[in-house]
Structure formats: C-alpha cells, structure tokens
Amino acid sequence: MAGIAAIPNSGKPKALIYTPAGRDAWVARSLVDEAGLASIAATDLPMFASSLSDDVALGVLTEEAVRSSDLKPIAAWVSAQPSWSDLPFIVLTTRGGGPERNPAAARLSEVLGNVTFLERPFHATSFISVARTALKGRLRQYEARARLEALGEGERRLQTALAAGRLGAWELELSSMALSASATCKAIFGRGPDDDVTRDDLIASIHPDDRDLVLERLRRTIDTGRDYSIEHRTIWPDGSLHWTEVHAQLYSDRYGSAKKLVGVCSDTTVRKTIEENLRRLNENLEERVRERTKEVNTAHQTLLEEVAQRERAEEQLRQSQKMEAIGQLTGGVAHDFNNLLMVVLGNLELLGKHVAGDAKATRLVEGAIQGARRGAALTQRLLAFARQQDLQVKPIDLAELVSGMNDLLRRSVGSSISIETILPATLPPALVDANQLELALLNLAVNARDAMPDGGTLSISLREEQVVGDDGALGEGAYVVLAVVDSGTGMDAETLKKAVDPFFSTKELGKGTGLGLSMIHGLAVQLNGALRLTSELGVGTTAELWLPATQRRPERAIEAELPIPQAASRLKILLVDDDALIAMSSVDMLEDLGHEVVEANSGSQALELIRSGQHFDLVITDYSMPGLTGAQLAQAARDIHPALPIVLATGYADLPAGTDIDLPRLAKPYDQAQLAKEIAKAMASETVPLLRSGGDAGGSKPRLSKANDVSDEIGDGACVV
C-alpha cells in the first residue's frame, strides 16, 4: 500500500492471521495483502501466540476459533508489551458487533485490549479500511518507540558527560520550589545519594556570609531571566567547609512562562585552596625575601629551589590566562569570520578576472582584497598570542603594530571605554618581539579597562626619547616610548611601589593573579628597556614601555603572485556546504578552473547523490554542517567508495575534541590558487586512511595556509590578561 512505511528490520508490514474455518484464511490473507501488508498464517492458536512479536503490525482472528480456547499465552504476551506498544487485533464475528451485543466478545476485549470487531458478512472495503486504520496506529507506535530510544540514548550521553565532568545536575520547580538533585549534586553538598534534600536544606547549608548574595542572585534570575552563576562557600553536615560553583538557566514552556531552574554544580574546593595559598604567598613574599637575605649564607640552596618553584607557578598561571583570553576572543571568530572572508575573497578574486582590463575597477577590487586579508590577519594575530617561543627581536614599526591592534583592543575593553591614539608617522623602528609586545599592550589595555568599571578614556601614544648618560635602568641611546594612559581609579604611592611585584594584585580574589605587570616589566628588561608607572588616586594611571630604537628598517614580507594552476583534466566534483554564499563562491571558482561541479547543501543530500550511483572524481565538503558533519559524511562516503578522494574545508584551526579524522584539510578562507593546489594534491596522492589508529595514520596532513601553520603552534594557550 502506497504511503505506509515498512516496520524496522522486517521489510513489508506483517499481519498475523488465525482463521481456520472454511475459506476464512484465504479471504483474510487476500484482504490483508490488498491492505498493503504481508501475512503470516498460523495453523493453530499456540503457533499464533508464539508468533506474536514487536514486528507484527496487526493480528486477525475469528471469534469462533478462539471462543473456547486457552487464551492465557496470548494474554500474557499482550500484558507484557513494552510501554510504547499496543498491538491492534481485528476479530471477525458472526454474532453481532462488540460486547454490548455479543457478551462473548467482552472476554476477547479483556484479553486482547486493542481490538476491533468486524461482523460478517462484511464488504471487502470495510475490512481494508479497518486494517489500514489499525496499521496507521501501529506505525505511530513504532515512531514512539524510535523517539523513546533516542531520548534514552540522549539521557545516557548526558549522564556520562556529567559524570565525566564531575558535575551535579539539579532542577527547581518555581511553582512549588520542589528540588530534584542527582547523586553527584547531593555529594557536592555533603549528602548521601539516598538522602532527601530540599531547597531549604541546600540554602541552609550555604555559609551565612554568602547566603544573602545567593538568594539575591536567585531572585534576579527568576525575575529577569538572566543566567544564574555564582561561587559560594558550603558547610557540610560534618561541619567541614567547601566551595561550590553553581550555574543555571530558566526553563520556560512553549508560551514563554518560566517553569523551573535547571542547572549544574561542581566542587571547587581544591582550586580555592590553591588560590588561597597563592594569596598568602603574596602577602608574605616581602617578609620572606628579607628573612632569606639575612640568612643567605645558610639558605642559598633553599632560595634557589623557591625561585624555581615560583617560575613554574608563573608559567602555569601564564598558560592558564592565555587559555582564558583566547577562549573569549576567538570563540566565534575562527569559524564565522573565516566563512565571511571565504565568500568575500573568493568572489573578489573571480571579479578581478572579469575587470582585468579596467584599471580603476582592478584597483578597487585589489583594495577590497587587501581589506579582507587584513581581516584574516586579525584572526591570525589572535591565534598567534599563545605561541611558545623565545623572543624574536626584530625592527618593528610600532605605529603600524598599534594600528593593526585597534579592532582587537576595542573589542577587549568594551564599548563603554573610548580609545584615543597618537601615532606620529616619523618615529624610528624599535627592536622588539612583535608577538610579545602585542601581548603586553593587550595586558595594559585590559588592566586599564578593569580600572574604569564605569567607562572612561584610554589613550595610547608613541614618542621618541633620548637618554643621555646613566639613567639607572636604561642605557644611553634612543628609545621609542609606548604610553598607555587611563582615567581610572589610580593607585596610591604604597600600592604603586608594589605594582610590579610578582603575585601582588589589587583585584578581588579570583579576578587577577598579580603577574600581568611583573611579566611586562620582565619583557621590557629583557628587551633592554624599562616599564615606568605613574599613578594618582582618582585621576588614573600611566604605563610607559621604553623600548630601544634602531636605524634598521622593518622587514617586509614579500608575497609572490603565484599563477593559479590549471586543471590537468576536467573533474566531476561534488561540493558540499550548507552556507549558500560560500557554496556559490566555491562553485564559481571550481567552474572557472574548468571542472564540472555538482552542489549539495547538506551532508545527507550529498550522501544520497553518492549512493545514487553518480560518479564523482573528488568530494570537497565543509566540516561544520547541521545533521551530518563533514567528517561523518566522509566516513559514510568511504564506506561506499573507499578510494574516493575527499577534501575537508573548515574554518577551525583544530577540529573539536574527539574528531579522529585524517583527511586533506582546506583552511577557510581560501582563494582559487589554494583550491586548485589542494585538488591537485588530492588527485595525485594515494587514498589517505580516514581514521587514525593510535599513531600515524599513514601520511601527513596537507596544510594550505599560514592560518593552519599558526594553529599547529598555538596548542591550548591563550593570551595573558
């Protein structure tokens, strides 16, 4: 029957028939077949009962065949059906309808449950209609089964993820304030898995000094819908003190009414203990240094060990801060921004070919391409902050460096702070490490932002200074001074003296480590320069980096215009991308290279084209797509055609954790030359194993752009704030 889906794992829907008298069996099977079902005829009632299963879509019985029979096996199977199942039965009767006219039918109704009585004689269309109605109901049951299985799988994955992250889950009904909490959540509050825990119990366990803040944050979340996020102290029933971090969101119904708070919690006692130890170390550092100085002859080795330990702690904190800042600055840039640049650069490159004879149009197109490449360079600068390297000191144009960071600085300090720059055009270059200086400037800007919580003005300027004679920290010669001035809260004289000391910080606990200015000071000294700070309470702070000037000119990177390699042969390429603009741009570039292109807007659509038997010489697929990702599509395609060349286009520097795939990688944004080069590589190379198995997958991963080279070096780092 058209429009009726097959039962999972069983082909055509099946009807189980037991009609032993006369021509009933032949008639029933004919009508069942007309209704679009396959049929299984049972020779006796025990066979009928043993043939019942979840794959049976319909049961057909005659009343006289079961009137005096033992129906216990059938009743047992019916009562043991899973929650989603209610197998429909059709009973052919000669004594009139249902239980109200035929008392014997009441017994069958109790045994079979979902039963329809059809009085004979009946028209064939009546039976077919009843059978199709029953089948539609059974198919809806199969859909419910599939949904229940999917929900169960999702719940198991969620619980696994929560357990892996040592996170406790909880829900708070807003109408009744009833709390439900997982065993992990109860353990985080010092309770056992079988303990009954209410909202009032958890509120009462919060440290008295933190309780009002917790309640105020809860009220604000319920009233405004803002996310709930807080860290507070918790007192366990045994009297021990612990730290708990809690996050939650409001859950609303389809009408927008808030119904419950759903959240997670974790025990942060270990981290808080480490932070407290660092704070105490900061408070006692000066006294400890004085004591060690008095005992230098007897404690020299101990002092060296402490210095080494402190350097390791600084390195660990530096890496932690880099990770935090990179996560904030590049969370959405690496993919979305590269996708936009992909469209802009691809279309501009093709447009340039069409206006090759028009000088003005060519100039405008080249200017647009340069602007787009500056956007790509901004992304690469963000990714470069975490590189682990020695200082690479070169002549650098500081005015150009500061101008290039303008967008990054504005994004970092926020819209409430205005940035002013004074950048003379005639300054000499400075001998610095550009990456580290960018990091230092970003640190100073973020410190200034934190000193101006209500907004203000941040001024960044450059000037040239001459040092004559002995100036203490600075040798004689020319310097370029990078000054960062804020209109914030400022520092008093006593605080200013300690500003560059390691671990000293005026920020509240958890908001800073006290290493930012000490690291900038160390960088300035290593560059044979100096960091000078001036500040006044209520007026603001000025930070000046004195950097050695040089007459050497900055090195300029020369990018050779390489010809776009033409296709050695016309290929039939399947291009897969869910972004219509990117797909259109890529198709145009491929067709301009002389290839035949078939476009698919999703992984599932591409898989259908591959399964249809069409021949493709190459597949180019985006990684991030809804439904079927590029990696999943590649796996499915390789199952069908193991030798099919596949290139993965992605805006991610590194694919998400757990993506074990080894395919040629085309980094977005790419131009036509890179696209042609990667096609040539893919067609010239042997088939690359798709999945890694513990070590080298059998070949190196092709890289197309500097963006990929930079991302390989970044690792898990982030810039320090």
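1. A quick word on terms: buried means under 20% relative accessible area, exposed over 50%, and partly exposed in between, with a 1.4 Å probe and protein chains only. This is a predicted model, where local features need pLDDT of at least 70, side-chain atom pairs count only at pLDDT 80 or more, and totals for chains, interfaces and linings use all residues. Residues are numbered from 1 along each chain as its sequence is written, and side-chain values use heavy atoms, leaving out hydrogens and water.

2. I'd start with helix α9, residues 208–224; helices (H or I, at least four residues) and strands (E, at least two) are DSSP runs numbered from the N terminus. Its 17 residues reach 25 Å from first C-alpha to last, close to the 24 Å expected at 1.5 Å a residue (1.5 Å times one less than the number of residues). G225 follows α9, with a positive phi near 85 degrees.

3. Which residues of α9 are buried? They are D210, V214, L218 and T221. They cover an arc of only 80 degrees around the axis, so they sit on the same side of α9; the arc is that of the directions from the helix axis to the C-beta atoms. On the other side, D209, D212 and D223 are exposed.

4. The cover over the buried residues of α9 includes α8 (199–205), β8 (228–235), β9 (241–252) and β10 (258–267). Contact here means heavy atoms within 4.5 Å.

5. L545 is worth a look: among the residues that L545 touches are L437, A440, L444 and I520, not counting residues up to four places away in sequence.
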